[in-house]
Structures are given as C-alpha cells and as structure tokens.
Amino acid sequence: MNAQKRHEIFARLREHTPEPTTELNWTTPFELLTAVLLSAQATDVGVNKACARLFPVANTPQAILALGLDGLKEHIRTIGLYNTKAENLMKTCRMLVERHGGEVPQTREALEALPGVGRKTANVILNTAFGQPTIAVDTHIFRVSNRTRIATGKNVVEVEQKLLRHVPREFRRDAHHWLILHGRYTCVARKPRCGSCVIEDLCEFPDKLDIA
C-alpha cells in the first residue's frame, strides 16, 4: 500500500467520524485509567455500567484506597476477572499516591510501571487522556491494519511501529480511534461489511465480501 492511498483512507475515516473517541465513559485521566484497567475481556458497555456505580463513590486513587479491596470488589463484581482487576487497581492507586501525588503520569515508562498497565493501556492513556499521537494496537486494530494492508505485521508491536511510521502525521492522534471503530462496526472479524465500507475501493483485502 502506498502513501497516497493511506492518506485517502484516513481522510475518509475522518470525514465519516470527525471527532472519534473511546466508548468508555470518563471525565478525568484517573477515571480513564480505571476504566481501561477494568476493560480487559469485558465489553465497554459492561465497564461503563460498573464505573457508573463506582465513580460517584470513588473516582480518585485516594478514594479507591479508602473504599478498600472488598468495597471495590462490590462495585465491580459484574465485570469478568473482577478479583484480579480489583487487586491490580488497588496496587495502582497506592503507587499513584506514593509516587505521583495521586496524579496519572504522562510518560510511558511511569505508566507501564503501574500494576496491570502494559504497552497497550499506556498508549490508550497517553493518546486519549493526554492527546499524544500514540497508537494502541488491540485485536480490532491488528485485524484492520493487516486486512487492509495499511500496516502488516505478525504481532501487535510490529503493527504499532508500522502504523507510527506510515500513518500521515495529521491523522496520527486520532488513528487509534478510527481504526478501532472501523474494526468494531465495519471490518468485523467473521464477516467484514465490505459493502457498507467507506474505504472499500482503497482496501487491499483480497477476499472482500459484498455484504452491506
């Protein structure tokens, strides 16, 4: 895939969704970090429901710590793996208070030092909360990037590096959200909806399906 085609792909995605963002509900960087930590193997809808119960009671590291592990579990028990997630969130809150004055750090190194925070989560926080042009490669982005040939790779790190290299600078900050939304609702895993895709004629997927 050449640079001109990539530019047109992202121009169309931008035209279709001018202001893309995460479907997780949040108002502060800590709320976003909490939601992302809870989102592994869970739907955004499920996480939003749990956070709607949790955040009015505790939406700062100090408040989570005051709530206690058992209290936290009560608020998020509807989410899968809630025991492990609660323990990681408590450890993260303790580290945020002890090392960062209760604030979410704005560097990859500091974020990845937090319990339960890997490269993908760090990229989400840096991009969505702080506006940095990072690209967090999840299963949707990995699939869309390889399928369309925007950025091919055998693993998420390889795809991320190629996206950062090939996505035009003007689109880089929002590329993460455009690709996720495209993978979630159009370029879906089992039967991509090629017939209703705004970039169908630019996509280099060899097995396109004429499904509206």
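A: Happy to. Let's begin with the neighbours: leaving aside residues up to four places away in sequence, Lys-85 touches Leu-37, Leu-38, Ser-39, Ala-40, Ala-42, Ile-79 and Gly-80, where contact means heavy atoms within 4.5 Å. Please keep in mind that this is a predicted model, in which local features need pLDDT of at least 70 and side-chain atom pairs count only at pLDDT 80 or more, while totals for chains, interfaces and linings use all residues. Residues are numbered from 1 along each chain as its sequence is written, and side-chain values use heavy atoms, with hydrogens and water left out.

Lys-85 sits in helix H5, residues 82-100 (helices are DSSP runs of H or I with at least four residues, numbered from the N terminus). Lys-85 is buried but has no salt bridge. Here buried means under 20% relative accessible area, exposed over 50% and partly exposed in between, with a 1.4 Å probe and protein chains only; a salt bridge puts a side-chain nitrogen of Lys or Arg within 4 Å of a carboxyl oxygen of Asp or Glu. The nearest side chain of opposite charge belongs to Asp-44, 9.9 Å away. What the Lys-85 side chain does reach is the backbone oxygen of Ala-40, at 2.5 Å. Ala-40 is also among the residues that Lys-85 touches.

Now the rings. There are two aromatic pairs, counted when ring centres of Phe, Tyr or Trp (its six-membered ring) lie within 6.5 Å; planes under 30 degrees apart are stacked, over 60 edge-to-face, and the rest tilted.

Finally, the cysteines: the disulfide count is zero, a disulfide being a pair of cysteine sulfur atoms within 2.5 Å. The sulfur of Cys-197 has its closest cysteine sulfur in Cys-203, 6.5 Å away and too far for a bond. For Cys-203, the closest cysteine sulfur is in Cys-187, at 6.3 Å, again too far. Cys-197 is buried at 17% relative accessibility, and Cys-203 is buried at 13%.

Definitions and conventions
Helices (H or I, at least four residues) and strands (E, at least two) are DSSP runs, numbered from the N terminus. Lys and Arg count as positive and Asp and Glu as negative; His and the chain ends are not counted. A polar contact is a pair of N or O atoms within 3.5 Å; within protein, one must be able to donate a hydrogen and the other to accept it, and residues adjacent in sequence count only if both atoms are side-chain atoms.
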